[in-house]
Amino acid sequence: MLSLPAAVYGIPPADVIAPPSGARQLSPLLPGSDDLAALADRSLDEVALLVPPGAVEARYVLAQALRALKPGGLLTAAAPKDKGGLRLRKVLAGFGCEVAETSRRHHRICEVERPSALTGVDEAIADGAPRILPIGLWSQPGVFSWDRLDPGSDLLLGHLPALAGQGADFGAGIGWLSRKVLTSSAVTGLTLIELDRRALDCARRNVVDTRASFEWADVRRAAEGLSGLDFVVMNPPFHDGGQEDRALGQAFIRAAAKALKPGGALWLTANRHLPYEAVLAEAFKRVAPVADTGGYKVFEARR
């Protein structure tokens with residue numbers, strides 16, 4: 001188990017929380033960070049948290065932080081008022097903490113000293129921990145579409161042909177698309193690139209194949225090290241920090257074009273309203289709409 005004097009989870013606005021001096025990063029969305037769940041019990045002196053919006057995930061993160069704090073250690077937690085901030089005080093009080101609450105810049109900010117005895121922490125950690133879904137795959141609350149196959153990926157799976165050669169899954173999640181890709185014996189290798197460490201850890205359990213390799217990274221940077229690929233599959237994200245960012249998916253498309261060899265194929269699924277057609281036409285020689293139903297669309301693009 002890791003032992004650190006101070007830590008920060010996420011990137012709280014500088015005018016909302018000042019991270020402790022020398023704090024190590026714990027967010028699973030920042031490659032290279034430490035794993036909050038791997039911290040030793042009662043090992044932290046201080047931790048600052050930008051609390052994630054999902055209720056189960058938020059309780060899990062707060063419970064893990066309290067578990068890792070020494071009695072008397074300081075926890076400062078903040079969340080936007082419209083993304084969990086209004087329930088923050090109640091959650092911490094439920095763990096047995098005395099809470100001092102303030103508001104700043106549309107955030108609720110709670111400070112607590114970790115009590116010697118905590119209540120409900122083990123249950124919150126169990127509720128938010130990785131688990132096997134009824135379909136037999138590993139997942140965890142907080143990752144994208146954690147408890148079900150999202151409709152866009154489902155649509156792509158229904159149209160994805162047997163691929164061949166060396167490829168990549170950009171934004172691989174827990175491995176839905178990769179599992180289908182690797183059913184083709186003609187695939188010689190597949191690189192799964194995913195920004196969320198939790199999802200990638202689950203993918204390692206779900207995609208058990210010697211042809212698969214895994215990279216915890218931002219696709220926009222990791223793809224710079226790829227070239228000559230035969231194919232790329234993806235259901236690109238279009239939210240960054242909780243806000244819609246259409247440029248994110250467009251950047252994934254450009255990264256795929258650079259990573260593919262001439263004639264290589266991109267298989268893409270996306271929400272119908274997302275404006276990807278222009279960047280596809282700009283980055284690829286041929287673009288073919290494959291499906292458009294249920295609010296989602298699928299394209300095959302050839303470099």
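Biologist: What makes Arg 205 count as lying over the face of Trp 138?

Modeller: In this predicted model, Arg 205 is 3.7 Å from the ring centre of Trp 138. The distance limit is within 6 Å, with a further condition of within 35 degrees of the ring normal. Arg 205 is listed as lying over that face, so the pair meets the definition.

Biologist: And aromatic pairs, how many does a search of the whole structure find?

Modeller: That search comes back with 0.

Biologist: Why is Gln 140 called buried?

Modeller: Its relative accessible area is 5%, and buried means under 20%, so Gln 140 qualifies. Gln 140 sits in the loop between strand 8 (138-139) and helix 4 (151-159).

Biologist: What does Gln 140 touch, leaving out residues up to four places away in sequence?

Modeller: Tyr 60, Gly 128, Ala 129, Pro 130, Trp 146, Arg 198 and Cys 202.

Biologist: Now the largest nonpolar core: which residues have the most contacts inside it?

Modeller: Leu 49, Leu 62, Leu 75, Leu 92 and Phe 95, in a core of 33 residues. Several elements supply at least two residues each, including strand 3 (44-50), strand 4 (69-80) and helix 2 (88-94). Helix 1 gives the most, with 8 residues.

Biologist: Which residues does Leu 92 touch, again not counting those up to four places away in sequence?

Modeller: Leu 62, Leu 66, Leu 75, Cys 97, Val 99, Cys 110 and Val 112.

Conventions. Residues are numbered from 1 along each chain as its sequence is written. This is a predicted model: local features need pLDDT of at least 70, side-chain atom pairs count only at pLDDT 80 or more; totals for chains, interfaces and linings use all residues. Side-chain values use heavy atoms; hydrogens and water are left out. A nonpolar core is a set of buried Ala, Val, Leu, Ile, Met, Phe, Trp, Tyr and Cys residues joined through side-chain atoms within 4.5 Å. Buried means under 20% relative accessible area, exposed over 50%, partly exposed in between (1.4 Å probe, protein chains only). Helices (H or I, at least four residues) and strands (E, at least two) are DSSP runs, numbered from the N terminus. Contact means heavy atoms within 4.5 Å. Rings of Phe, Tyr and Trp (its six-membered ring) pair if their centres lie within 6.5 Å; planes under 30 degrees apart count as stacked, over 60 as edge-to-face and the rest as tilted.
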